[in-house]
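Visitor: I would like to know how the labels on this structure were reached. Please take me through them one by one.

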Amino acid sequence: MESYFLGANTKAGFFSLYGDFPPEGAYLHILKGGPGTGKSSLLKAIAKAAKARGLAVEQVLCSGDPDSLDGIYIPALGQAWADGTAPHVLEPRLLGVTGDYLDLSRYLLLPFSEAEKQELLSLQAQNRDCYGLAYQALADCAAKGSGRTEPQDEDQVRNILEALPEKGERRPARRCFLSAISCRGRLSLDAQLSDCVTLQESPASISLAAELAQERGYMAFLCPSPLDPESPEALVLPEEKLVLKAVFMPSEEASEALREAISRLKEAKRLHDRMELIYRPHMDFRSLGEYTEQLIRKLFL
């Protein structure tokens, strides 16, 4: 898949799949830096340069702001970059061997004024409170009924998967979110799978299919529900152009709670944007731009 989420705003709070990123064997560069310090812009620049050279790029969208990137993976290079700041703090498994740090705070011109410090602390606290209220509303949404596709005939799913030829040894599925509950509402990335056959199935059928696909050696993306990550929402078999998906059908009461959560997430995004406006004048974007150009030249020599 070209785009997906690795974090989700759920009934239990923020849920992270960043621990599974990138696939085993890839080298991870972990970006550190505050709001507005250019993390997403750097990721977008690398992705754009890779695509211009005909390379496939996997893009990790931010569930807090889907217009922002939280990570990229370039399979041909065996390298990935990810935002390693809260709420998805990342560390290399073994520094210098499996990954390293890229600290954008070195381009931050300090100090902040006392007024700026106090405003940033206030905005951060308000932002945290908004997320807390959003998570409460999502828990309410789940409790009031977030209906799913009715159970299907599991034999049908088994027959579909077993009709596909075996591809080799067991291949673990990669986990990511295909949709997110965000400041822009409930956002789905289904459009990128328009060339696939999509079958509506129950979570139980999807779990069965995922196990069968793994046993038969297929590349598979297992996508948890963004509301309840313990339940699968979809299974994507990109090589076979096949998607199994559970349909989200909330009750009216659940829909009202979901709207409340989205409203809180919108307010959280507004507060985060204000924090970025305070950081940006303190950033040496000229030097960061020069570094980005040098990095891209080195990557694609």
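This is a predicted model: local features need pLDDT of at least 70, side-chain atom pairs count only at pLDDT 80 or more; totals for chains, interfaces and linings use all residues.

Visitor: Which residues lie nearest the centre of the second largest pocket?

Guide: Pro 23, Glu 24, Pro 172, Ala 173 and Arg 174 do, out of 19 residues in the lining. By class, that lining has 13 nonpolar and 6 charged residues, and no polar ones.

Visitor: What makes Pro 23 a lining residue of the second largest pocket?

Guide: A lining residue must have an atom within 4 Å of a point of the pocket. Pro 23 is listed in the lining, so Pro 23 meets that cut-off.

Visitor: What is the volume of the largest pocket?

Guide: About 1,100 Å³. The lining of the largest pocket has 41 residues, and Pro 35, Cys 62, Asp 83, Ala 86 and His 272 lie nearest the centre. Elements that give two or more residues to this lining are strand 2 (7–10), helix 1 (39–52), strand 6 (69–74), helix 2 (114–143) and helix 5 (252–279). Helix 5 gives the most, with 7 residues.

Visitor: How does the lining of the largest pocket divide by class?

Guide: Into 14 nonpolar, 17 polar and 10 charged residues.

Visitor: Why does Glu 276 count as buried?

Guide: Buried means under 20% relative accessible area. Glu 276 has a relative accessibility of 16%, and therefore counts as buried. Glu 276 lies in helix 5. Apart from neighbours within four places in sequence, Glu 276 is in contact with Pro 35 and Gly 36.

Visitor: How do you know that strand 1 and strand 5 pair?

Guide: Pairing needs at least two bridges between the strands. Strand 1 and strand 5 (residues 58–61) have 3 bridges, in the parallel sense, so the two strands count as paired. In one of these bridges, Ser 3 has Gln 59 of strand 5 as its partner.

Visitor: What is the strand order in the open sheet?

Guide: The order of its 6 strands is 1-5-6-7-4-8, with mixed pairing. From one strand to the next, the twist averages 20°.

Visitor: Why are strand 1 (3–5) and strand 8 (99–103) called edge strands?

Guide: Each of these two strands pairs on one side only.

Visitor: Which strands does helix 1 lie across?

Guide: Helix 1 lies across strand 4 (27–32), strand 5, strand 6, strand 7 (79–83) and strand 8. Helix 1 runs at about 30° to strand 6.

Technical notes:
Residues are numbered from 1 along each chain as its sequence is written. Side-chain values use heavy atoms; hydrogens and water are left out. On a 1 Å grid over the protein atoms alone, a cavity is a set of points where a 1.4 Å probe fits but cannot get out, and a pocket is an open set with protein on both sides within 12 Å along at least five of seven lines; lining residues have an atom within 4 Å of a point. Grid points are joined across faces, edges and corners, and a volume is the space filled by probe spheres set on the points. Helices (H or I, at least four residues) and strands (E, at least two) are DSSP runs, numbered from the N terminus. Ala, Val, Leu, Ile, Met, Phe, Trp, Tyr, Cys and Pro count as nonpolar, Asp, Glu, Lys and Arg as charged, and the others, Gly among them, as polar. Buried means under 20% relative accessible area, exposed over 50%, partly exposed in between (1.4 Å probe, protein chains only). Contact means heavy atoms within 4.5 Å. Axes are lines fitted to C-alpha atoms, for helices over the stretch in contact, and angles run from 0 to 180 degrees between N-to-C directions.
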